[in-house]
Amino acid sequence: MIPCQRHLFDIPEDRAYLNCAYMGPLMHGVVEAVAKGTARKARPWTVSSDDFFTETEHARGLLARMIDATADDVAVVPSASYGLAVAARNIPVAAGQRIIVLKDQFPSNVYGWRELARARGAEVVTLDRGQDGDWTRVILDAIDERTALAALAQNHWTDGSLIDLERVGARLREVGAALALDLTQSLGAMPFSVRRVRPDFMAAACYKWLLGPYSVGFLYADPKWHGGEPIEQSWMTRSNAEDFAGLVKYVDGFRPGARRFDMGEFSNFALMPGAIAAMEQILDWTPKAISETLGTRTADIAARAARLGLSSPPEGARAPHFLGLGFPEALPPGLVEALAARNVHVSVRGQSMRVTPHLYNNDEDVARLMDALGAVL
């Protein structure tokens, strides 16, 4: 169990921020790293040509450690949607085939697949979780020889319901289908291994559970896709990119591995140092320890909320860091605003009130949440 880490964040003691699924706050060290990175641009003569690549390579290595991959498997992207667009550019989908998504799935992991289906004459199949709420069973039942790919997450973004990606990935491989993942709502807060799940592509933005800056993200590409087609033609992804004097000698080859999928200007001297600082701290804590610590916190909140008549997916069926609370009737109007007026910050997605703590939360935050909920209800 990790003790409360509030001292690393700029969160006042009278404010209960239980909304990491909305946006993860930056630690003091991350803010300092971003400020230092931004200041370098004021003196551009201090930035060498090597600096365009060294920090980014360090970031690739950190992300690779987190997902049990290699740095060659990691591309730098500005958002999850960019990474998923790379996946859509490369995964073959034929007319009459099916693309599986989930009901109320995050839009960035839906729109691109709809466009791909329209272009190829394929069909997007939207699955409902069913009465028992078992997403894994529903997904496994839907996979057949018509399936081209499943576009999923590790847990549903509205209420944290878990998906057994190892079982789903194995079944997809049996029928020759692909797996594309958006792990923005879990990476950094839960263990994940590409060696166990074996996705074709996995994208994640940094600004939530990776506790990093906005507009920075990462894409994992299985080695079988390393010869794929990028969606940009950037000079920085080419095999001669480090030779600034020789850039006018145009080449067709790319830098090794998934680097061909990097976004343009991936060096990002201002934001990349912040992403690095955040990932270094997460790896120091370890996602496993973070998950176990937050699981204890959300279990306590779920038990207290039940006494107020609120429901939630049972432990084991939801991600440890993510709690979706359901109300016996409709969500009270103005719920989020009423809680915020009491310095309690949560969010509503779909029919769930999301309570998503992190290591900066303490027992007083939970008590403040319960008092505010009691007053509102």
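Seven strands make up an open sheet of mixed pairing, ordered S2-S8-S7-S6-S5-S3-S4. Strand S2 (74-77) and strand S4 (123-127) are the edges; each has a single partner strand, so one side of each is left without a neighbour in the sheet. From one strand to the next, the twist averages 20°. Strands here are DSSP runs of E with at least two residues, helices are runs of H or I with at least four residues, and both are numbered from the N terminus. Two strands pair if DSSP finds at least two bridges between them.

The model is predicted: local features need pLDDT of at least 70, side-chain atom pairs count only at pLDDT 80 or more, and totals for chains, interfaces and linings use all residues. Residues are numbered from 1 along each chain as its sequence is written, and side-chain values use heavy atoms, with hydrogens and water left out.

Val-77 has Gly-217 in S8 as its bridge partner. Helix H5 (135-142) lies across strand S3 (98-102), S4 and strand S5 (147-152). H5 runs at about 150° to S4. Such angles run from 0 to 180 degrees between N-to-C directions, with axes as lines fitted to C-alpha atoms, for helices over the stretch in contact.

**The three-stranded sheet**

A further open sheet has three strands in the order S9-S12-S11, with antiparallel pairing. S9 and strand S11 (347-349) stand at its edges, each with a single partner strand, so one side of each is left without a neighbour in the sheet. Neighbouring strands are turned by 40° against each other on average, direction ignored. Three bridges join S9 to S12. S11 and S12 also pair over three bridges. The hairpin of S11 and S12 has two residues between the strands, and there Gly-350 takes a positive phi near 65°.

| Residue | Bridge partner in S12 |
|---|---|
| Gly-324 | Arg-354 |
| Val-348 | Met-353 |
| Arg-349 | Ser-352 |

In a regular strand the side chains alternate between the two faces of the sheet. S12 is covered on both faces: Ser-352 and Arg-354 are buried on one side, Met-353 and Val-355 on the other. Buried means under 20% relative accessible area, exposed means over 50%, and partly exposed lies in between (1.4 Å probe, protein chains only).

Ser-352 belongs to strand S12 (residues 352-355). Why does Ser-352 count as buried? Because its relative accessibility is 10%. Leaving aside neighbours within four places in sequence, Ser-352 is in contact (heavy atoms within 4.5 Å) with Thr-158, Asp-159, Gly-324, Leu-325, Leu-331 and Ser-347.

The largest pocket has a volume of about 540 Å³. Ser-352 is among the residues closest to its centre, along with Arg-129, Gly-133, Asp-159 and Ser-161. In total, 28 residues line this pocket. H5 and strand S9 (323-325) are the elements that give two or more residues to the lining. The lining divides into seven nonpolar, 13 polar and eight charged residues.

The second largest pocket has a volume of about 320 Å³. Of its 21 lining residues, Ala-80, Phe-106, Ser-108, Asp-182 and Thr-184 are the closest to the centre. This lining holds nine nonpolar, ten polar and two charged residues.

A pocket is an open set of points on a 1 Å grid over the protein atoms alone where a 1.4 Å probe fits, with protein on both sides within 12 Å along at least five of seven lines; lining residues have an atom within 4 Å of a point. Grid points are joined across faces, edges and corners, and a volume is the space filled by probe spheres set on the points. Ala, Val, Leu, Ile, Met, Phe, Trp, Tyr, Cys and Pro count as nonpolar, Asp, Glu, Lys and Arg as charged, and the others, Gly among them, as polar.

Asp-68 sits in the loop between helix H2 (51-67) and S2. Its phi is positive, near 70°, though Asp-68 is not a glycine. Asp-68 is partly exposed, at 35% relative accessible area. Arg-198 lies in the loop between helix H7 (194-197) and strand S7 (201-205). Arg-198 is not a glycine, yet has a positive phi of about 60°. At 47% relative accessibility, Arg-198 is partly exposed.

Gln-281 is in helix H8 (residues 272-285). Gln-281 and Gly-29 are 252 residues apart along the chain, and their C-alpha atoms are separated by 9.3 Å. Not counting residues up to four places away in sequence, Gln-281 touches Leu-8 and Met-27.
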